[in-house]
Amino acid sequence: MPGAAVPYPYGGKQRQIQIDLNPSALQALGLSGQDVANALAAQNLIQPAGTQKIGGFEYVISSTTRR
């Protein structure tokens, strides 16, 4: 169909998570708030999965990996 386009595979609302940390418990375990943030960041990765050619365009395809 002339003028039709395929949207990028991005968009939607960004998920937000709020976490309440117990500083005393973290200190007892020898951890910091940054340690918690690093662990969370390592659990939600977006990795490239390849490309897809559609018409005259080539799109990068990503896959979300949750561990």
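I count a residue as buried when its relative accessible area is under 20%. With that cut-off in hand, I looked through this predicted model.

**Entry 1, burial and surface.** Of the chain's 67 residues, I find that 3% count as buried. I then looked up the surface: the chain exposes about 6,200 Å², and carbon and sulfur atoms supply 55% of that area.

**Entry 2, layout.** I went through the secondary structure next and found two helices and two strands. Reading from the N terminus, I get the order α-α-β-β. I also checked the contacts between residues at least 6 apart in sequence, and 21% of them join residues at least 24 apart.

Which residues make the nonpolar surface patch of about 390 Å²? I noted Ile17, Ile19, Leu21 and Leu40. I followed up on Ile17 and placed it in the segment before helix 1, which spans 23–29. Ile17 has a relative accessible area of 64%, so I put it down as exposed.

I searched the whole structure for aromatic pairs and came away with one. The partners are Phe57 and Tyr59, with ring centres 6.2 Å apart. Their planes stand at 35 degrees, so I logged the pair as tilted; planes under 30 degrees apart would count as stacked, and over 60 as edge-to-face.

Are Phe57 and Tyr59 buried or exposed? Phe57 is exposed, at 56% relative accessibility, where the cut-off for exposed is over 50%. Tyr59 has a relative accessible area of 12%, so I filed it as buried.

Technical notes. Residues are numbered from 1 along each chain as its sequence is written. This is a predicted model: local features need pLDDT of at least 70, side-chain atom pairs count only at pLDDT 80 or more; totals for chains, interfaces and linings use all residues. Side-chain values use heavy atoms; hydrogens and water are left out. Patches are made of residues with over 30% relative accessible area and no salt bridge: like charges are joined within 9 Å, nonpolar side chains (Val, Leu, Ile, Met, Phe, Trp, Tyr) within 5 Å. Accessible areas come from the Shrake-Rupley method with a 1.4 Å probe; for residues, only the protein chains shown count as cover. A salt bridge is a side-chain nitrogen of Lys or Arg within 4 Å of a carboxyl oxygen of Asp or Glu. Helices (H or I, at least four residues) and strands (E, at least two) are DSSP runs, numbered from the N terminus. Buried means under 20% relative accessible area, exposed over 50%, partly exposed in between (1.4 Å probe, protein chains only). Contact means heavy atoms within 4.5 Å. Rings of Phe, Tyr and Trp (its six-membered ring) pair if their centres lie within 6.5 Å; planes under 30 degrees apart count as stacked, over 60 as edge-to-face and the rest as tilted.
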